[in-house]
Amino acid sequence: MKQTTNSILMIRPVAFRMNEQTAVNNYYQKVLDGLLPATVNAKAQQEFDTFAEKLRAVGVDVTVVDDTLEPSTPDSVFPNNWISFHENGDVALYPMFAENRREERREEILDMLEDKGFVIHNIVDYTSAEEDGFFLEGTGSLLLDRANNKAYCALSPRADEELFIEFCEDFDYAPVIFEAFQTVYGERKLIYHTNVMMCLGETFAVICSDCIDDKKERKMVLDNLKENGKEVVIITEGQMNNFAGNMLEIRGANEKRYLIMSTSAHQSLTDKQVKQLEKHAEILSSSLDTIEACGGGSARCMMAEIFLPKN
């Protein structure tokens with residue numbers, strides 16, 4: 001199984017704003033005072049377009065689908081939370097914590113991908129768990145080491161342990177389960193998505209290990225990464241707050257590896273960390289300030305990797 005792909009799906013926002021339904025446990029979201037909603041959306045669209053253009057310029061196959069005005073889906077720019085694509089032609093659909101995020105799941109997006117020549121054999125649908133109040137938000141909650149058949153998950157209100165284990169059984173991954181925390185007004189609170197504190201590349205991993213308060217769990221996670229030969233790059237909680245954990249390695253033209261991140265993530269890294277990462281992939285960053293502030297997510301969340309076979 002390949003760890004990286006050249007194809008990604010991105011959803012272009014049409015009515016982007018801070019989502020009040022996700023702010024209850026996403027402590028990265030902020031209200032941008034004094035900006036009209038139309039201004040926030042225009043800034044988000046500009047950031048999105050520049051980002052997608054940078055990816056295409058290095059040879060990434062980017063499928064952009066426009067969001068729809070109705071129903072209102074302020075977080076649609078983060079498709080990796082509701083869908084994942086797999087090499088065997090499977091597509092997984094995930095149960096979402098926020099009710100207005102459930103509307104992001106659109107069947108016609110799968111039709112568009114099939115029109116582009118991607119092959120979908122089977123849909124594995126976990127969304128009925130929403131009715132019972134259990135959630136697992138795609139590759140926000142799950143970090144997949146596809147090459148080594150391991151899945152990492154920081155449990156939270158948006159990542160249910162039993163659902164995660166069910167996913168691992170269905171897709172043949174060994175589960176690596178832990179809890180990760182961040183300090184919010186002096187209190188330790190669970191981090192809402194695994195992919196804000198950790199990134200898995202082909203030959204490296206970026207992790208804020210300080211978030212894993214339990215020493216045994218921390219050692220277990222780091223041992224798992226090292227066991228698979230990954231160079232571990234440790235980031236601080238301050239860097240994580242600048243979305244330095246929210247990165248994704250993808251392939252551009254001629255199979256060249258790129259590590260995609262936001263400008264704020266890139267600027268938070270030390271020279272030593274940049275050198276470590278550049279041994280593995282070329283860094284490509286783009287400014288996502290508005291999307292990060294209002295959405296509480298960054299570059300990685302905006303890209304749903306497509307591993308499906310092609311006709």
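First, the ground rules. Residues are numbered from 1 along each chain as its sequence is written, and side-chain values use heavy atoms, with hydrogens and water left out. Because the model is predicted, local features need pLDDT of at least 70 and side-chain atom pairs count only at pLDDT 80 or more, while totals for chains, interfaces and linings use all residues.

Two terms come up all the time. Helices (H or I, at least four residues) and strands (E, at least two) are DSSP runs, numbered from the N terminus. Two strands pair if DSSP finds at least two bridges between them.

Let's start with a sheet. Which strands make it up, and in what order? It is an open sheet of three strands, ordered β2-β1-β17, and the pairing is mixed. The edges are β2 (61–66) and β17 (304–305), each of which pairs on one side only. Strand β1 covers residues 7–12 and runs parallel to β2, with six bridges. Look at Ile11: it stands opposite Val65 in β2.

Helix α1, residues 37–57, lies across β1 and β2. It runs at about 165° to β1. Angles here go from 0 to 180 degrees between N-to-C directions, and axes are lines fitted to C-alpha atoms, for helices over the stretch in contact. Contact means heavy atoms within 4.5 Å.

Now zoom in on Met10. Its place is in strand β1. Is Met10 buried or exposed? It counts as buried, because its relative accessible area is 0%. The cut-offs are these: buried is under 20% relative accessible area, exposed is over 50%, and partly exposed is in between, with a 1.4 Å probe and protein chains only. Met10 touches residues including Phe48, Phe51, Val64 and Met303, leaving aside residues up to four places away in sequence. Met10 and Val64 are 54 residues apart along the chain, yet 4.9 Å separates their C-alpha atoms.

On to the cores. A nonpolar core is a set of buried Ala, Val, Leu, Ile, Met, Phe, Trp, Tyr and Cys residues joined through side-chain atoms within 4.5 Å. In soluble globular proteins, nonpolar side chains tend to be buried together. Here the largest core has 37 residues, and Met197, Met198 and Leu225 touch the most other members. Which element supplies the largest share of this core? That is β12, with four residues. Apart from this core lies another one, of 26 residues, among them Phe51, Val60, Val62 and Tyr258. Back to Met197: its contacts include Phe178, Val206 and Met240, not counting residues up to four places away in sequence.

Here is a second sheet. Three strands form it, open and mixed, in the order β11-β12-β13. Its edge strands are β11 and β13. Neighbouring strands are turned by 15° against each other on average, direction ignored. β11 and β12 are antiparallel and share three bridges. Cys199 has Val206 in β12 as its bridge partner. Helix α8 lies across β12 and β13, at about 155° to β13.

Next, β15. Five of its six residues are buried. Strand β14, residues 248–251, runs antiparallel to β15, joined by four bridges. Glu249 has Leu259 in β15 as its bridge partner. β15 also pairs with strand β16, residues 282–286, this time parallel and over five bridges. There, Met261 has Ser285 in β16 as its partner.

Grid points are joined across faces, edges and corners, and a volume is the space filled by probe spheres set on the points. How many cavities of 30 Å³ or more are there? The count is three.

Last, some backbone angles. Most residues other than glycine have a negative phi. Asp172 has a positive phi near 65°. It sits in the loop between α4 (161–171) and β8, and it counts as exposed because its relative accessibility is 58%. Tyr185 also has a positive phi, near 50°. Its loop lies between β9 (181–184) and β10 (187–190). Tyr185 is exposed too, at 86% relative accessibility.

Note on methods:
1 Å grid on protein atoms, 1.4 Å probe; cavity = no way out; pocket = protein on both sides within 12 Å on 5 of 7 lines; lining within 4 Å.
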